[in-house]
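This report describes one protein chain, starting from a single residue and widening to the whole chain. Please look at the sequence and the model below.

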Amino acid sequence: MMRKLASVMIACLILMAAIGCSTGNGGNPPPPAFLPHVVDSQDNFQFGVTGVSKVTQTLTYQWQNTGDAAIIDQTGSVSAGSAMIKVLDANNSEVYSADLNSSGSFVSTTGTAGLWTIQVVLSKTSGAMSFHLQKM
C-alpha cells in the first residue's frame with residue numbers, strides 16, 4: 001500500500017513539474033503579473049487594476065469597435081515607473097496613445113472600424129489605473 005501511494009505521489013509531482021515548466025502556452029501571452037479587471041464587449045472595453053507593484057509587462061487585448069473612433073475615459077495614480085495605453089484600429093494604425101497616469105476624457109483619431117488592438121505597456125509600474133473605451 002505504501003509503495004503504491006509513493007508511486008502515485010511521484011507521478012503527481014512529475015505531472016505538476018511538467019505543467020509548471022511547460023514552455024508552450026498555446027500561442028497565448030503569459031498571464032499578467034497581476035489580475036486586472038477587464039470587460040470586453042462589442043463597442044465597450046474596460047480595464048482597471050489597483051495594487052500594481054513594480055510590474056514590467058505588455059498586455060494586449062482585441063476589441064470589436066463598429067465605429068471609426070472611440071471615446072477614452074481614463075484615470076491613473078502611478079506612483080512609480082510608467083504606464084501607457086496604445087490603441088490601434090483594424091488596419092493597425094495608431095489612433096490613440098497616452099500616459100495612464102493622466103486622467104480625463106479623450107477622443108481617438110478617426111480609424112477603421114473592426115477589430116482594434118489595445119496595448120497596456122507597464123515598465124516598473126506601481127499604483128493603480130483604469131480606462132474605458134467606447135464607440136463614438
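Ser82 counts as partly exposed because its relative accessibility is 34%; buried means under 20% relative accessible area, exposed over 50%, and partly exposed in between (1.4 Å probe, protein chains only). The model is predicted, so local features need pLDDT of at least 70 and side-chain atom pairs count only at pLDDT 80 or more, while totals for chains, interfaces and linings use all residues. Residues are numbered from 1 along each chain as its sequence is written, and side-chain values use heavy atoms, with hydrogens and water left out.

Ser126 counts as buried because its relative accessibility is 11%. The C-alpha atoms of Ser82 and Ser126 are separated by 8.2 Å, and the two residues lie 44 residues apart along the chain.

| Residue | Strand | Relative accessibility |
|---|---|---|
| Ser82 | strand 3 (residues 70-88) | 34% |
| Ser126 | strand 6 (residues 114-135) | 11% |

Contact means heavy atoms within 4.5 Å. Not counting residues up to four places away in sequence, Ser82 touches Val121, Leu122, Ser123 and Thr125. With neighbours within four places left aside, the contacts of Ser126 include Val52, Lys54, Ser77 and Ala80.

The chain has one helix and six strands, in the sequence pattern α-β-β-β-β-β-β. Helices (H or I, at least four residues) and strands (E, at least two) are DSSP runs, numbered from the N terminus. Of its 136 residues, 32% count as buried. Among contacts between residues at least 6 apart in sequence, 70% join residues at least 24 apart.
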